[in-house]
Amino acid sequence: MPLPKVPFRRGSRFQVIPRAFIRDPLDFVVRETLRSGDLFRIRLFHRTIHISTNLDVIRHVLQANHRNYKKGPLFRHLSLFLGQGLLTSEGDLWRRQRQLVQPAFYKSQLPGLFGTMTETALRFCDGLQARAASGVPLDITREMMQVTADIVLHALFSTTMEKDREEIYQYVMEAQDYSMYMTTHPWMAPVMHLNGRRRRIEERRAYFDEWIYRIIEERRRSADRPDDLLTMLVEAQDAESGQGMSNQQLRDEAITLFAAGHETSANALSWTLLLLARHPEVRKKLVAELSSVLGGRPPSWDDLPRLVYTRQVMEESMRLFPPAHAFGRIAIADDEILGYRIPGGSSVFFSVYALHRNPEFWPDPERFDPERFAPDREKERPKLAYMPFGAGPRMCIGNHFAQVEIQLLLALLLQRFEFELVPGQEIVPQPLVTLKPRDGILMKINRSHADHNSSLKNTL
Ligand code: HEM
């Protein structure tokens with residue numbers, strides 16, 4: 001007997017595509033999961049998409065049978081610009097590259113990167129203080145994008161000129177927007193050529209390529225290499241063959257790490273600042289921890305494990321607003337999941353946003369409550385119920401880097417500033433490649449009283 005198909009969720013009478021999905025995919029999946037169960041199927045144009053928050057499905061697709069699954073069309077479009085780096089490559093090429101890049105992200109490497117991270121973050125805080133001094137509200141999502149982009153660029157290349165930084169930033173932004181658009185509007189490809197949008201990105205790519213290949217060559221020749229990610233990548237060698245990466249492979253991995261490594265962290269920080277502005281009692285507790293552990297100085301590497309509540313706030317914020325809100329795979333060959341047939345060529349999508357709101361694991365799921373992540377409460381739920389960084393062999397390579405970066409920035413920002421939400425804004429989560437606030441978040445940024453007091457003490 002052939003296996004049954006996964007239950008189909010169609011729209012009302014004449015709609016094959018549920019209109020509610022197009023209107024608000026985040027809310028649709030949360031509601032539909034509660035109503036139809038944690039595995040269902042929709043049709044989106046010519047594609048069959050299975051949507052799931054079931055832990056056995058996650059385990060099967062991302063871990064046990066991951067070799068039968070590949071990444072989807074978004075990554076095919078992205079690879080035009082990012083090349084064959086970790087995000088976009090598949091199979092043996094991906095496995096070899098993951099082994100070569102992984103050591104640069106071992107926990108033991110992070111203390112070395114923490115120094116540059118702190119310098120960049122402190123410089124950013126000084127700039128923010130100057131920009132906020134006039135009292136004009138600022139869009140904190142833009143601010144967070146700027147600092148996380150600077151942090152990852154410094155971690156990668158140590159120093160970069162302002163103009164080059166801006167070019168790289170624009171290139172990746174436009175490539176990402178273009179790829180997302182082409183994934184949802186594949187029939188628009190000829191228009192993109194005619195209206196010049198594709199050509200503009202290719203010009204930016206030419207600029208970036210010239211820049212990066214020059215930097216790679218300089219790095220290969222240099223006897224005195226800086227202590228950064230690019231040096232680690234240039235020196236990485238295959239354990240068996242002793243072979244390193246080609247210049248093109250280095251280029252692809254470097255731009256991939258920049259693309260994957262700033263917008264996600266920026267969104268995590270923006271959502272956290274929003275939640276803290278809305279929950280003064282949590283902010284107060286966090287500031288009290290900062291003051292008792294740090295007493296006004298910037299955190300050192302050894303302080304981070306002692307900032308327990310700061311970490312809980314970060315984790316709870318990524319539960320409610322996971323920057324990688326959903327990700328999927330395409331089945332290569334037919335498969336069987338929970339007794340259903342998954343045809344080869346169809347997609348399986350995991351909504352991390354809906355998983356993190358499953359009341360089975362998260363009682364009163366909409367409530368912002370960092371106590372859920374208190375160290376003694378970890379055992380209350382299965383491990384996979386929380387997966388902001390994905391799961392299985394393709395789990396985020398930068399997860400420790402990102403957590404250190406977010407914890408550091410939260411500490412520095414909350415020590416120095418009070419963030420006040422400008423009233424009357426509608427803040428709408430927009431699920432694109434990452435989950436971002438659609439129209440940004442305007443905040444008034446004031447010097448914190450604690451910071452005033454500590455600088456007064458220093459001057460007396
Ligand atoms: C809060 C911040 C971050 C979040 C939420 C996040 C989330 C994720 C997720 C969910 C995946 C897996 C996607 C999938 O399985 O399809 C992923 C992959 C990846 N991430 Fe992150 N990420 C973050 C920060 C970073 C940083 C800072 C870097 C690097 C500096 C980075 C580099 C990567 C790379 C290279 C991959 C692909 C790994 C592979 O396929 O082998 N990410 N990330």
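Me: What makes the largest nonpolar core, and which residues have the most contacts inside it?
Reply: A nonpolar core is a set of buried Ala, Val, Leu, Ile, Met, Phe, Trp, Tyr and Cys residues joined through C-beta atoms within 7 Å. The largest has 106 residues, and Leu 156, Leu 233, Ala 254, Phe 258 and Leu 409 have the most contacts inside it. Helix H7 (residues 140–157) gives the most to this core, with eleven residues. The model is predicted: local features need pLDDT of at least 70, side-chain atom pairs count only at pLDDT 80 or more, and totals for chains, interfaces and linings use all residues. Numbering runs from 1 along each chain as its sequence is written.

Me: What does Leu 156 touch, not counting residues up to four places away in sequence?
Reply: Contact requires C-beta atoms, placed from the backbone, within 7 Å. Leu 156 touches Asp 228, Leu 229, Leu 230, Ala 254, Leu 257 and Phe 258.

Me: Which residues of H10 are buried?
Reply: Buried is the word if 20 or more other C-beta atoms, placed from the backbone, lie within 10 Å of a residue's own. In H10, Ile 201, Phe 208, Ile 212 and Ile 216 are buried. Their cover includes helix H4 (73–82), helix H8 (162–184) and helix H12 (247–260).

Conventions:
Buried ≥ 20, exposed ≤ 12 C-beta atoms within 10 Å, placed from the backbone. Helix = DSSP H or I, 4+ residues; strand = E, 2+ residues; numbered from the N terminus. Contact = placed C-beta atoms within 7 Å.
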